[in-house]
Amino acid sequence: MARKTLGLLSLMTAGLASLIIIVHAYGESVPVTTPFSSGRADHFHEKVRQMQEFKASFSRRDLAAAATPGYAPAPSPQVTSGPRVYGVISYGADPTGKSDSTEAILKALSDAFNGPREGSLIEGIANLGGAEIHLEGGNYLISKPLRLPDAGVGNLMIHGGTLRASDDFPTDGYLIDLSASKSSSSYNYEYITLKDLMFDSNYRGGAISVINSLRTSIDNCYIARFTSNGILVQSGHETYIRNSFLGQRITAGGDPGERNFTGTAINLMGNDNAVTDVVIFSAAVGIMVSGQANTFSGVHCYNKATGFGGTGIYLKLPGNTQTRIVNSYLDYTGIVAEDPVQLHISSSFFLGDAFIVLKSINGVAKGVNIVDNLFSGKNNGVEIVKLDQSNGAFKQIDQVFVDRNTVQGMNTRATVARASMQGNGTSWTVDFSSILLFPNLIKHVQYSFSASGSSFPNHALRNVSENRVVIESDVAVPASVFVTVDQGVTS
(Lines give C-alpha, C1' and ligand atoms only; values in the text may rest on other atoms or scores of the structure.)
Protein backbone atom coordinates (compact mmCIF):
# COMPACT_ATOMS: atom_id res chain seq x y z
CA MET A 1 0.00 0.00 0.00
CA ALA A 2 2.88 2.37 0.87
CA ARG A 3 4.58 1.67 -2.46
CA LYS A 4 1.36 2.43 -4.36
CA THR A 5 0.96 5.77 -2.57
CA LEU A 6 4.56 6.72 -3.22
CA GLY A 7 4.13 5.90 -6.91
CA LEU A 8 0.98 8.05 -7.10
CA LEU A 9 2.76 11.02 -5.53
CA SER A 10 5.62 10.65 -8.03
CA LEU A 11 3.18 10.83 -10.92
CA MET A 12 1.47 13.95 -9.50
CA THR A 13 4.82 15.66 -8.97
CA ALA A 14 5.84 14.93 -12.51
CA GLY A 15 2.49 16.26 -13.79
CA LEU A 16 2.84 19.49 -11.86
CA ALA A 17 6.38 19.94 -13.08
CA SER A 18 5.17 19.64 -16.64
CA LEU A 19 2.88 22.65 -16.07
CA ILE A 20 5.64 25.05 -14.96
CA ILE A 21 6.06 28.13 -17.13
CA ILE A 22 8.54 30.81 -16.13
CA VAL A 23 7.27 34.38 -16.63
CA HIS A 24 9.60 37.38 -16.42
CA ALA A 25 8.56 40.55 -14.57
CA TYR A 26 7.69 42.16 -17.92
CA GLY A 27 5.25 39.42 -18.74
CA GLU A 28 7.42 37.56 -21.31
CA SER A 29 7.26 33.78 -21.24
CA VAL A 30 10.46 31.74 -21.32
CA PRO A 31 10.31 28.35 -23.02
CA VAL A 32 10.92 25.43 -20.71
CA THR A 33 11.60 21.90 -21.87
CA THR A 34 8.58 19.82 -21.04
CA PRO A 35 7.36 16.41 -21.96
CA PHE A 36 4.32 17.97 -23.67
CA SER A 37 3.64 17.47 -27.28
CA SER A 38 3.91 20.54 -29.54
CA GLY A 39 0.09 20.85 -29.72
CA ARG A 40 -0.30 21.06 -25.98
CA ALA A 41 2.58 23.54 -25.74
CA ASP A 42 0.87 25.81 -28.25
CA HIS A 43 -2.26 25.70 -26.09
CA PHE A 44 -0.36 26.88 -23.04
CA HIS A 45 1.41 29.64 -24.98
CA GLU A 46 -2.02 30.89 -26.06
CA LYS A 47 -3.10 31.03 -22.42
CA VAL A 48 -0.01 33.05 -21.51
CA ARG A 49 -0.74 35.51 -24.33
CA GLN A 50 -4.26 36.02 -23.01
CA MET A 51 -2.91 36.72 -19.54
CA GLN A 52 -0.51 39.32 -20.98
CA GLU A 53 -3.34 41.10 -22.75
CA PHE A 54 -5.44 41.10 -19.59
CA LYS A 55 -2.58 42.67 -17.62
CA ALA A 56 -1.98 45.29 -20.33
CA SER A 57 -5.64 46.36 -20.19
CA PHE A 58 -5.11 47.66 -16.64
CA SER A 59 -2.14 49.72 -17.74
CA ARG A 60 -4.18 51.30 -20.54
CA ARG A 61 -6.95 52.28 -18.10
CA ASP A 62 -4.47 53.92 -15.73
CA LEU A 63 -2.94 55.90 -18.59
CA ALA A 64 -6.34 57.03 -19.84
CA ALA A 65 -7.37 58.26 -16.37
CA ALA A 66 -4.12 60.18 -15.96
CA ALA A 67 -4.53 61.84 -19.38
CA THR A 68 -8.10 63.16 -18.76
CA PRO A 69 -7.80 66.98 -18.91
CA GLY A 70 -9.82 69.00 -16.34
CA TYR A 71 -13.53 68.59 -15.50
CA ALA A 72 -16.12 67.49 -18.01
CA PRO A 73 -19.82 67.14 -17.13
CA ALA A 74 -21.34 63.69 -17.23
CA PRO A 75 -22.86 62.83 -20.60
CA SER A 76 -26.14 61.93 -18.93
CA PRO A 77 -27.95 62.96 -15.71
CA GLN A 78 -26.18 61.57 -12.70
CA VAL A 79 -27.89 60.51 -9.50
CA THR A 80 -25.85 59.27 -6.58
CA SER A 81 -26.80 55.75 -5.61
CA GLY A 82 -27.25 56.40 -1.90
CA PRO A 83 -28.54 59.83 -0.90
CA ARG A 84 -30.40 60.50 -4.20
CA VAL A 85 -28.82 63.85 -4.96
CA TYR A 86 -29.85 65.19 -8.35
CA GLY A 87 -27.14 67.53 -9.65
CA VAL A 88 -28.72 69.94 -12.09
CA ILE A 89 -25.55 70.57 -14.12
CA SER A 90 -25.58 66.98 -15.35
CA TYR A 91 -29.10 67.65 -16.66
CA GLY A 92 -27.76 70.46 -18.83
CA ALA A 93 -28.37 73.44 -16.52
CA ASP A 94 -25.98 76.32 -17.20
CA PRO A 95 -24.36 77.45 -13.91
CA THR A 96 -23.10 80.67 -15.50
CA GLY A 97 -26.62 81.99 -16.03
CA LYS A 98 -26.02 82.78 -19.69
CA SER A 99 -28.52 80.32 -21.10
CA ASP A 100 -31.96 79.19 -19.93
CA SER A 101 -31.80 76.35 -17.38
CA THR A 102 -35.54 75.95 -16.80
CA GLU A 103 -36.09 72.65 -18.60
CA ALA A 104 -32.95 71.08 -17.15
CA ILE A 105 -34.01 71.85 -13.57
CA LEU A 106 -37.57 70.73 -14.28
CA LYS A 107 -36.17 67.40 -15.52
CA ALA A 108 -34.22 67.01 -12.28
CA LEU A 109 -37.40 67.77 -10.32
CA SER A 110 -39.28 65.21 -12.40
CA ASP A 111 -36.67 62.52 -11.75
CA ALA A 112 -36.75 63.23 -8.04
CA PHE A 113 -40.55 63.12 -8.07
CA ASN A 114 -40.51 59.76 -9.85
CA GLY A 115 -37.61 58.39 -7.83
CA PRO A 116 -37.68 55.76 -5.06
CA ARG A 117 -40.35 56.20 -2.43
CA GLU A 118 -40.22 54.89 1.09
CA GLY A 119 -43.69 54.71 2.58
CA SER A 120 -45.63 57.88 3.24
CA LEU A 121 -45.79 60.92 5.47
CA ILE A 122 -49.28 62.24 6.16
CA GLU A 123 -51.93 60.25 4.32
CA GLY A 124 -51.66 60.80 0.57
CA ILE A 125 -48.08 62.16 0.66
CA ALA A 126 -45.34 59.81 -0.57
CA ASN A 127 -41.96 59.96 1.18
CA LEU A 128 -39.12 60.68 -1.28
CA GLY A 129 -36.63 59.72 1.39
CA GLY A 130 -34.77 63.03 1.58
CA ALA A 131 -34.05 63.45 -2.13
CA GLU A 132 -32.09 66.60 -3.00
CA ILE A 133 -32.09 68.92 -5.99
CA HIS A 134 -28.55 70.30 -5.79
CA LEU A 135 -27.92 73.55 -7.66
CA GLU A 136 -24.18 73.06 -7.17
CA GLY A 137 -23.41 76.70 -6.51
CA GLY A 138 -24.60 77.86 -9.92
CA ASN A 139 -26.50 80.94 -11.07
CA TYR A 140 -29.41 79.75 -13.24
CA LEU A 141 -31.61 81.71 -15.62
CA ILE A 142 -35.28 80.72 -15.28
CA SER A 143 -38.00 81.61 -17.80
CA LYS A 144 -41.05 80.02 -16.14
CA PRO A 145 -42.02 78.82 -12.65
CA LEU A 146 -40.32 75.68 -11.36
CA ARG A 147 -43.01 73.21 -10.30
CA LEU A 148 -43.05 69.56 -9.35
CA PRO A 149 -44.89 67.37 -11.89
CA ASP A 150 -47.78 66.76 -9.50
CA ALA A 151 -48.85 66.91 -5.87
CA GLY A 152 -48.55 64.18 -3.30
CA VAL A 153 -44.85 63.98 -2.34
CA GLY A 154 -42.69 65.11 0.55
CA ASN A 155 -39.25 64.99 2.14
CA LEU A 156 -37.46 66.83 -0.67
CA MET A 157 -34.82 69.57 -0.53
CA ILE A 158 -33.81 72.17 -3.13
CA HIS A 159 -30.60 73.94 -2.18
CA GLY A 160 -27.26 75.47 -2.98
CA GLY A 161 -27.48 78.08 -5.72
CA THR A 162 -29.15 81.11 -7.31
CA LEU A 163 -32.33 81.29 -9.40
CA ARG A 164 -32.80 84.41 -11.54
CA ALA A 165 -35.90 85.31 -13.53
CA SER A 166 -35.38 85.97 -17.21
CA ASP A 167 -36.64 89.11 -18.94
CA ASP A 168 -39.66 87.18 -20.23
CA PHE A 169 -40.55 85.50 -16.93
CA PRO A 170 -44.34 85.87 -16.28
CA THR A 171 -45.00 88.83 -14.02
CA ASP A 172 -47.61 86.88 -12.03
CA GLY A 173 -45.35 83.87 -11.50
CA TYR A 174 -42.99 82.63 -8.78
CA LEU A 175 -39.53 81.18 -9.34
CA ILE A 176 -40.41 78.14 -7.20
CA ASP A 177 -44.12 77.39 -7.19
CA LEU A 178 -45.31 74.71 -4.76
CA SER A 179 -48.85 74.51 -6.06
CA ALA A 180 -50.89 71.83 -7.79
CA SER A 181 -54.21 71.63 -9.59
CA LYS A 182 -55.32 68.58 -7.60
CA SER A 183 -54.16 66.34 -4.79
CA SER A 184 -55.23 63.02 -3.31
CA SER A 185 -54.21 64.34 0.12
CA SER A 186 -55.57 67.18 2.20
CA TYR A 187 -52.32 68.94 1.30
CA ASN A 188 -50.29 69.34 -1.88
CA TYR A 189 -46.87 68.66 -0.33
CA GLU A 190 -45.27 67.97 3.01
CA TYR A 191 -41.79 68.67 4.34
CA ILE A 192 -40.35 70.49 1.35
CA THR A 193 -37.15 72.36 2.26
CA LEU A 194 -35.75 75.34 0.36
CA LYS A 195 -32.32 76.11 1.78
CA ASP A 196 -29.20 78.15 1.01
CA LEU A 197 -30.75 79.80 -2.04
CA MET A 198 -30.76 83.23 -3.61
CA PHE A 199 -33.82 84.31 -5.57
CA ASP A 200 -33.58 87.22 -8.00
CA SER A 201 -37.06 87.90 -9.35
CA ASN A 202 -35.71 90.58 -11.73
CA TYR A 203 -38.73 92.79 -10.96
CA ARG A 204 -40.99 90.19 -12.58
CA GLY A 205 -43.32 88.50 -10.07
CA GLY A 206 -42.33 86.76 -6.87
CA ALA A 207 -39.82 84.27 -5.54
CA ILE A 208 -41.58 81.45 -3.62
CA SER A 209 -45.19 80.32 -3.59
CA VAL A 210 -46.31 77.72 -1.03
CA ILE A 211 -49.90 76.67 -1.61
CA ASN A 212 -51.78 74.32 0.72
CA SER A 213 -48.63 72.60 1.91
CA LEU A 214 -47.63 71.16 5.25
CA ARG A 215 -44.38 71.71 7.17
CA THR A 216 -42.49 73.66 4.53
CA SER A 217 -39.11 75.06 5.56
CA ILE A 218 -37.51 78.15 3.97
CA ASP A 219 -34.08 78.53 5.51
CA ASN A 220 -31.11 80.83 4.83
CA CYS A 221 -32.51 82.39 1.67
CA TYR A 222 -31.86 85.79 0.10
CA ILE A 223 -34.86 87.08 -1.86
CA ALA A 224 -34.64 90.24 -3.95
CA ARG A 225 -36.22 92.27 -6.76
CA PHE A 226 -39.77 90.92 -6.40
CA THR A 227 -42.78 93.00 -7.43
CA SER A 228 -45.69 90.99 -5.98
CA ASN A 229 -44.65 88.87 -2.97
CA GLY A 230 -41.23 87.68 -1.99
CA ILE A 231 -42.85 84.67 -0.30
CA LEU A 232 -46.53 83.78 -0.59
CA VAL A 233 -48.00 81.21 1.81
CA GLN A 234 -51.63 80.33 1.14
CA SER A 235 -53.65 77.80 3.13
CA GLY A 236 -51.82 74.81 4.56
CA HIS A 237 -50.02 74.70 7.89
CA GLU A 238 -46.65 75.26 9.47
CA THR A 239 -44.48 77.03 6.95
CA TYR A 240 -41.32 78.05 8.80
CA ILE A 241 -39.31 80.96 7.39
CA ARG A 242 -36.02 81.52 9.18
CA ASN A 243 -32.57 83.09 8.87
CA SER A 244 -33.45 84.89 5.65
CA PHE A 245 -33.20 88.32 4.00
CA LEU A 246 -35.85 89.91 1.79
CA GLY A 247 -36.00 93.16 -0.13
CA GLN A 248 -37.45 94.51 -3.33
CA ARG A 249 -34.38 96.63 -3.88
CA ILE A 250 -30.96 95.69 -2.58
CA THR A 251 -30.19 98.44 -0.09
CA ALA A 252 -29.13 98.94 3.50
CA GLY A 253 -31.42 101.83 4.39
CA GLY A 254 -31.61 105.45 3.32
CA ASP A 255 -32.38 104.50 -0.26
CA PRO A 256 -33.35 107.56 -2.36
CA GLY A 257 -36.14 105.55 -3.95
CA GLU A 258 -37.62 104.30 -0.66
CA ARG A 259 -40.93 106.10 -1.04
CA ASN A 260 -41.46 104.18 -4.30
CA PHE A 261 -41.00 100.69 -2.82
CA THR A 262 -43.90 98.35 -3.63
CA GLY A 263 -44.78 94.72 -3.05
CA THR A 264 -44.92 92.58 0.08
CA ALA A 265 -41.92 90.67 1.38
CA ILE A 266 -43.89 87.88 3.13
CA ASN A 267 -47.60 87.31 2.62
CA LEU A 268 -49.05 84.79 5.07
CA MET A 269 -52.54 83.70 4.07
CA GLY A 270 -52.43 80.50 6.11
CA ASN A 271 -52.39 79.33 9.72
CA ASP A 272 -49.76 78.22 12.23
CA ASN A 273 -46.73 79.67 10.47
CA ALA A 274 -43.56 81.09 12.01
CA VAL A 275 -41.11 83.77 10.85
CA THR A 276 -37.89 83.78 12.85
CA ASP A 277 -34.67 85.79 12.56
CA VAL A 278 -35.61 87.46 9.28
CA VAL A 279 -34.56 90.87 7.91
CA ILE A 280 -36.84 92.76 5.54
CA PHE A 281 -34.95 95.69 4.05
CA SER A 282 -37.24 97.00 1.31
CA ALA A 283 -40.92 96.56 0.37
CA ALA A 284 -44.12 98.53 0.86
CA VAL A 285 -45.25 95.94 3.45
CA GLY A 286 -42.82 93.80 5.37
CA ILE A 287 -45.21 91.02 6.45
CA MET A 288 -48.90 90.84 5.56
CA VAL A 289 -50.87 88.43 7.74
CA SER A 290 -54.39 87.20 7.00
CA GLY A 291 -54.17 83.78 8.68
CA GLN A 292 -54.53 82.75 12.30
CA ALA A 293 -52.08 81.60 14.96
CA ASN A 294 -48.87 82.90 13.39
CA THR A 295 -45.80 83.88 15.37
CA PHE A 296 -42.92 86.30 14.67
CA SER A 297 -39.65 86.45 16.55
CA GLY A 298 -36.40 88.23 15.80
CA VAL A 299 -37.86 90.05 12.79
CA HIS A 300 -36.16 93.28 11.71
CA CYS A 301 -38.31 95.45 9.44
CA TYR A 302 -36.92 98.57 7.83
CA ASN A 303 -38.69 97.95 4.56
CA LYS A 304 -40.34 101.36 4.08
CA ALA A 305 -40.77 104.14 6.60
CA THR A 306 -44.24 104.84 7.92
CA GLY A 307 -43.76 108.45 6.83
CA PHE A 308 -43.51 107.20 3.23
CA GLY A 309 -46.61 105.00 3.59
CA GLY A 310 -44.92 101.75 4.56
CA THR A 311 -45.92 99.16 7.15
CA GLY A 312 -43.66 96.70 8.91
CA ILE A 313 -46.26 94.09 9.91
CA TYR A 314 -49.91 94.32 8.86
CA LEU A 315 -52.37 92.02 10.65
CA LYS A 316 -55.38 91.83 8.37
CA LEU A 317 -57.69 89.32 10.04
CA PRO A 318 -60.34 91.35 11.88
CA GLY A 319 -61.74 89.63 14.95
CA ASN A 320 -59.49 86.57 14.88
CA THR A 321 -55.88 87.72 15.00
CA GLN A 322 -54.23 85.13 17.25
CA THR A 323 -50.75 86.47 16.55
CA ARG A 324 -47.61 86.81 18.67
CA ILE A 325 -44.84 89.32 17.86
CA VAL A 326 -41.84 89.13 20.19
CA ASN A 327 -38.18 90.16 20.27
CA SER A 328 -38.53 92.07 17.02
CA TYR A 329 -37.20 95.36 15.67
CA LEU A 330 -39.53 97.80 13.93
CA ASP A 331 -37.18 100.33 12.37
CA TYR A 332 -38.99 103.52 11.23
CA THR A 333 -41.97 101.33 10.31
CA GLY A 334 -44.72 100.01 12.54
CA ILE A 335 -47.49 97.49 13.12
CA VAL A 336 -51.14 97.73 12.07
CA ALA A 337 -53.76 95.36 13.54
CA GLU A 338 -57.37 95.32 12.32
CA ASP A 339 -59.95 94.55 15.06
CA PRO A 340 -57.29 92.78 17.13
CA VAL A 341 -58.42 89.73 19.06
CA GLN A 342 -55.77 87.74 20.91
CA LEU A 343 -52.72 89.75 19.93
CA HIS A 344 -49.47 89.78 21.89
CA ILE A 345 -46.64 92.25 21.21
CA SER A 346 -43.76 92.28 23.65
CA SER A 347 -40.01 92.67 24.14
CA SER A 348 -39.68 94.52 20.84
CA PHE A 349 -37.90 97.74 19.83
CA PHE A 350 -39.61 100.53 17.90
CA LEU A 351 -37.17 103.08 16.49
CA GLY A 352 -37.64 106.39 14.68
CA ASP A 353 -41.19 107.19 15.84
CA ALA A 354 -42.39 103.73 14.80
CA PHE A 355 -45.70 102.94 16.47
CA ILE A 356 -48.60 100.47 16.69
CA VAL A 357 -52.03 101.13 15.16
CA LEU A 358 -55.19 99.39 16.33
CA LYS A 359 -57.61 99.81 13.43
CA SER A 360 -61.35 99.47 13.94
CA ILE A 361 -63.26 97.51 11.31
CA ASN A 362 -66.21 96.29 13.37
CA GLY A 363 -65.20 98.04 16.58
CA VAL A 364 -63.67 95.00 18.35
CA ALA A 365 -60.53 94.83 20.50
CA LYS A 366 -60.21 91.88 22.85
CA GLY A 367 -57.37 90.02 24.47
CA VAL A 368 -54.60 92.42 23.44
CA ASN A 369 -51.26 92.64 25.25
CA ILE A 370 -48.76 95.37 24.28
CA VAL A 371 -46.20 95.20 27.05
CA ASP A 372 -42.51 95.49 27.88
CA ASN A 373 -41.47 97.17 24.61
CA LEU A 374 -38.99 99.97 23.91
CA PHE A 375 -40.10 103.03 21.94
CA SER A 376 -37.66 105.66 20.73
CA GLY A 377 -38.64 108.79 18.81
CA LYS A 378 -37.56 112.30 17.91
CA ASN A 379 -39.84 114.36 20.17
CA ASN A 380 -42.36 114.91 17.40
CA GLY A 381 -45.33 114.18 19.68
CA VAL A 382 -45.96 110.75 18.13
CA GLU A 383 -47.98 108.35 20.28
CA ILE A 384 -46.62 104.84 20.79
CA VAL A 385 -50.06 103.28 20.19
CA LYS A 386 -52.73 104.90 18.03
CA LEU A 387 -56.36 104.20 17.26
CA ASP A 388 -57.69 104.31 13.72
CA GLN A 389 -61.44 104.73 14.11
CA SER A 390 -62.15 106.06 10.63
CA ASN A 391 -64.51 103.11 10.05
CA GLY A 392 -66.24 103.57 13.41
CA ALA A 393 -65.36 103.65 17.07
CA PHE A 394 -64.22 100.66 19.10
CA LYS A 395 -67.28 99.44 20.98
CA GLN A 396 -66.31 95.96 22.19
CA ILE A 397 -63.22 96.42 24.31
CA ASP A 398 -62.18 93.72 26.74
CA GLN A 399 -58.91 92.49 28.24
CA VAL A 400 -56.82 95.07 26.44
CA PHE A 401 -53.59 95.66 28.34
CA VAL A 402 -51.09 98.29 27.21
CA ASP A 403 -48.54 98.97 29.92
CA ARG A 404 -44.93 98.67 31.15
CA ASN A 405 -43.49 100.10 27.93
CA THR A 406 -40.34 102.22 28.07
CA VAL A 407 -40.73 105.43 26.08
CA GLN A 408 -38.24 108.08 24.99
CA GLY A 409 -39.03 110.97 22.66
CA MET A 410 -42.63 109.80 22.06
CA ASN A 411 -45.96 110.13 23.88
CA THR A 412 -46.99 107.28 26.14
CA ARG A 413 -50.35 105.63 25.67
CA ALA A 414 -51.64 102.94 27.99
CA THR A 415 -54.74 101.24 29.30
CA VAL A 416 -53.47 101.45 32.84
CA ALA A 417 -52.54 104.78 34.43
CA ARG A 418 -51.57 106.12 37.81
CA ALA A 419 -51.56 109.70 39.08
CA SER A 420 -51.69 111.75 42.26
CA MET A 421 -52.59 115.30 43.21
CA GLN A 422 -52.72 117.51 46.26
CA GLY A 423 -55.20 120.22 47.20
CA ASN A 424 -57.17 121.97 49.89
CA GLY A 425 -60.89 121.76 49.35
CA THR A 426 -63.74 119.36 48.78
CA SER A 427 -63.08 118.17 45.20
CA TRP A 428 -60.10 116.58 43.41
CA THR A 429 -60.09 115.95 39.66
CA VAL A 430 -57.41 113.71 38.10
CA ASP A 431 -57.22 113.90 34.30
CA PHE A 432 -55.92 110.77 32.48
CA SER A 433 -56.97 111.78 28.97
CA SER A 434 -53.40 112.41 27.81
CA ILE A 435 -52.33 108.89 28.75
CA LEU A 436 -55.27 106.51 28.37
CA LEU A 437 -55.58 104.84 24.96
CA PHE A 438 -59.35 104.67 24.51
CA PRO A 439 -61.40 107.86 24.83
CA ASN A 440 -63.99 108.14 27.56
CA LEU A 441 -63.39 104.66 28.91
CA ILE A 442 -62.45 103.80 32.49
CA LYS A 443 -63.64 100.41 33.70
CA HIS A 444 -61.99 100.32 37.07
CA VAL A 445 -60.82 102.93 39.57
CA GLN A 446 -58.84 102.47 42.75
CA TYR A 447 -57.89 105.43 44.93
CA SER A 448 -56.53 106.38 48.32
CA PHE A 449 -57.32 109.60 50.20
CA SER A 450 -54.82 111.04 52.66
CA ALA A 451 -56.00 114.08 54.68
CA SER A 452 -53.89 116.18 57.02
CA GLY A 453 -55.11 117.96 60.11
CA SER A 454 -57.44 116.79 62.88
CA SER A 455 -60.60 116.32 60.82
CA PHE A 456 -61.75 112.97 59.48
CA PRO A 457 -63.83 113.71 56.36
CA ASN A 458 -66.06 111.40 54.42
CA HIS A 459 -64.98 111.02 50.76
CA ALA A 460 -66.17 109.21 47.69
CA LEU A 461 -65.63 108.69 43.96
CA ARG A 462 -68.20 111.01 42.42
CA ASN A 463 -67.63 110.99 38.69
CA VAL A 464 -65.77 109.13 35.92
CA SER A 465 -66.13 110.65 32.46
CA GLU A 466 -63.95 111.79 29.57
CA ASN A 467 -61.14 109.81 31.22
CA ARG A 468 -61.26 112.06 34.27
CA VAL A 469 -61.78 110.91 37.84
CA VAL A 470 -63.49 113.19 40.40
CA ILE A 471 -63.24 112.53 44.15
CA GLU A 472 -65.13 114.65 46.69
CA SER A 473 -65.18 115.06 50.45
CA ASP A 474 -67.92 116.36 52.71
CA VAL A 475 -65.72 119.02 54.29
CA ALA A 476 -62.84 121.10 53.01
CA VAL A 477 -59.50 119.59 53.99
CA PRO A 478 -55.90 119.64 52.76
CA ALA A 479 -55.41 116.19 51.21
CA SER A 480 -53.46 114.06 48.75
CA VAL A 481 -55.27 111.73 46.36
CA PHE A 482 -53.64 108.72 44.66
CA VAL A 483 -55.59 107.14 41.76
CA THR A 484 -55.13 104.07 39.56
CA VAL A 485 -57.40 103.47 36.56
CA ASP A 486 -57.77 100.60 34.12
CA GLN A 487 -59.47 100.48 30.72
CA GLY A 488 -58.94 96.84 29.94
CA VAL A 489 -60.16 94.66 32.80
CA THR A 490 -62.92 92.14 32.09
CA SER A 491 -66.30 93.79 32.22
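A: A residue counts as buried under 20% relative accessible area and as exposed over 50%, with partly exposed in between. The model is predicted, and it holds 6 aromatic pairs. One of them joins Y329 and F349, whose ring centres are 5.3 Å apart and whose planes stand at 25 degrees, a stacked arrangement. This pair links distant parts of the chain: Y329 belongs to strand β19 (residues 329-331) and F349 to strand β22 (residues 349-351), 20 residues apart. Y329 has a relative accessible area of 25% and is therefore partly exposed. The value for F349 is 27%, so F349 is partly exposed as well.

W428 and F449 form an edge-to-face pair, because their planes meet at 90 degrees, with the ring centres 5.1 Å apart. W428 is part of strand β29 (residues 416-431) and F449 of strand β30 (residues 444-451), so the contact ties together parts that are 21 residues apart in sequence. W428 counts as buried because its relative accessibility is 1%; F449, at 16%, also counts as buried.

Elsewhere, a single aromatic cluster is formed by Y222, F245 and F281. Aromatic rings also meet charged side chains. The charged end of R117 is placed over the ring of F113, 4.9 Å from the ring centre. K386 likewise lies over the face of F355, at 4.2 Å from the centre of that ring.

Terms used:
Residues numbered from 1 in each chain as written. Predicted model: local features only at pLDDT ≥ 70, side-chain atom pairs only at ≥ 80, totals over all residues. Heavy atoms only, no water. Phe/Tyr/Trp six-rings, centres within 6.5 Å; stacked < 30°, edge-to-face > 60°. Helix = DSSP H or I, 4+ residues; strand = E, 2+ residues; numbered from the N terminus. Buried < 20%, exposed > 50% of the residue type's maximum accessible area, 1.4 Å probe, protein only. Lys NZ or Arg CZ within 6 Å of the ring centre and 35° of its normal.
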